[in-house]
Amino acid sequence: MTAIRTVAIGLIAAASFAGSACAQDETDEKLKVGLMLTLSGPAAVLGEQARDGFMLALEDMDGKLGGVEADVVTVDDELKPDVAANKARELVERDDADFVVGPIFSNIAGAIVKPVTDAGAFLISPNAGPSNLAGAECNKNFFAVSYQNDQNHEVLGQYAKDEGYGRVFLMAPNYQAGKDALAGFKHSYEGEIVGELYTPLGQLDFSGELAQIAAMQPDAVYTFMPGGMGVNLVKQYRQAGLESIPFLSAFTVDETTLPAQKDAAVGFYGGSDWAPDMDNEKSRTFVAAYEKKYGSVPGSYAMHGYDAALLIASAVKATGGDLSDKDALRKALEAADFKSLRGDFKFGPNHFPIQDFYLVKVAKRDDGKYQTEIEKPIFTDYADTYAKDCKMD
């Protein structure tokens, strides 16, 4: 098993933490967190951002969450559901994790939610938000700090509708998040779908699909292609001379892909609940600290990783560091008593956020780096459409 045990940084070695650390002083109990993220292969950068965001938050809190020293185990789910399920069991059964933070991909979420929550641990997703876990299969010990998968895609569906794009071509990978992506787009779009393709997860050559787009000449293309898939698609889209057809996407042109896409992505649109130019002090401080420490621009994966740590810290603090009272911890998680980097944030009844969403646009900064920037708000205090199907035990 690939596991890196981080005993919450040497910053805590000589520190005496008065007040909020009293529970730690009394019990000497450590809070155990498993980070389960995709850390290898073309999609590794997504997991790395979530990990780095979480660890930056932990460092900012002197290695403690809610005043309790944190012991973190990081594992690579390898983007393989069977591998992930086995590693999840090890995290909760062998390592006694109180919280598991992850995963990035929805097929992994489906594989690990049962072993994690059946063991009494809490699964905190910094990205994956599958529709089933937001609706009929919601779980009292599962919380998503990110969004329900459909929502960012609904942003672009609404934008395409507002812009009067009457004929749109859709494309996504053939797995749960890909299906949720296109369902989300269609939920808010009312025009004609002239083509709808599901490609193999991990596909990197899109010449066949681009030939179909060129032949159909739609008013716009909408796609969800995270990680290396998005890097290749954007480059090949430009190379094919298709830039006259508006390119709309989510998780395809973002801070994980832009360092490789560079100018090929400039001007392309996305949908998000946050961008690095978010205008609040806490977010600006986070972006500056992240860039200084890691040398790259943080994306929403990193932001959600940071917020996941803040959420856990708020719950642990509210319970006085008592990790044995699961009901009290759950209630404290539901309260979400922390200041999110994205601003207003609260959980709906299905443990998914109610929050604002924005149209974002890729820009090249004066320092030569690339980032998404908020173009305009699309949805305010927006809850996902599956919450009505959630009957929480």
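The questions and answers below concern a predicted model of one protein. Residues are numbered from 1 along each chain as its sequence is written, and side-chain values use heavy atoms, leaving out hydrogens and water. Local features need pLDDT of at least 70 and side-chain atom pairs count only at pLDDT 80 or more, while totals for chains, interfaces and linings use all residues.

Colleague: How many helices and strands does the protein have?
Modeller: Both are DSSP runs numbered from the N terminus: helices are H or I with at least four residues, and strands are E with at least two. Counted in this way, the protein has 13 helices and 15 strands.

Colleague: What is the radius of gyration of the protein, and what would a compact globule have?
Modeller: The radius is taken over C-alpha atoms, and the globule rule is 2.2 Å times the number of residues to the power 0.38. The C-alpha trace spans about 70 × 45 × 40 Å along its principal axes. For 393 residues the rule gives a value near 21 Å, which agrees with the protein's 20 Å.

Colleague: What percentage of the residues in the protein is buried?
Modeller: Buried means under 20% relative accessible area, exposed means over 50%, and partly exposed lies in between, with a 1.4 Å probe and protein chains only. Of the 393 residues, the buried ones make up 60%.

Colleague: Among contacts between residues at least 6 apart in sequence, what share joins residues at least 24 apart?
Modeller: Contact means heavy atoms within 4.5 Å. Of the contacts you describe, the share is 73%.

Colleague: Which residues form a disulfide?
Modeller: A disulfide is a pair of cysteine sulfur atoms within 2.5 Å, and a search of the whole structure finds one. Its sulfur atoms are 2.1 Å apart, and the residues are Cys138 and Cys390.

Colleague: How far apart in sequence are the parts that Cys138 and Cys390 tie together?
Modeller: The link of Cys138 and Cys390 is right-handed, with 90° about the S-S bond, and both residues are buried. Cys138 lies in the loop between α5 (131-134) and β7 (142-144), and Cys390 in the segment after β15 (370-382), so the distance in sequence is 252 residues.

Colleague: Is the pair of Phe143 and Phe347 stacked or edge-to-face?
Modeller: Rings of Phe, Tyr and Trp (its six-membered ring) pair if their centres lie within 6.5 Å; planes under 30 degrees apart count as stacked, over 60 as edge-to-face and the rest as tilted. The search finds 23 aromatic pairs. For Phe143 and Phe347 the centres are 5.3 Å apart and the planes are at 65°, so the pair is edge-to-face.

Colleague: What span should helix α2 have, and how far apart are its end C-alpha atoms?
Modeller: The expected span of a helix is 1.5 Å times one less than its number of residues. Helix α2 (residues 44-60) has 17 residues, so it should span 24 Å, and its end C-alpha atoms agree at 24 Å.

Colleague: Which helices and strands do the buried residues of α6 pack against?
Modeller: In helix α6 (residues 150-163), 11 of the 14 residues are buried, so it is largely enclosed by the rest of the structure. Among the buried ones are His153, Leu156 and Tyr159. They pack against α7 (176-188), β10 (220-223), β11 (247-249), β12 (269-272), β14 and β15.

Colleague: What phi does His351 have?
Modeller: His351 lies in the loop between β13 and β14 (353-364), and at 2% relative accessibility it counts as buried. Beyond its neighbours within four places in sequence, its contacts include Phe143, Glu334 and Met392. Most residues other than glycine have a negative phi. His351 is not a glycine, yet its phi is positive, at about 70°.

Colleague: Which residues does a cis peptide bond join?
Modeller: Most peptide bonds are trans. In this case omega is about -5°, and the residues joined are Gly102 and Pro103.
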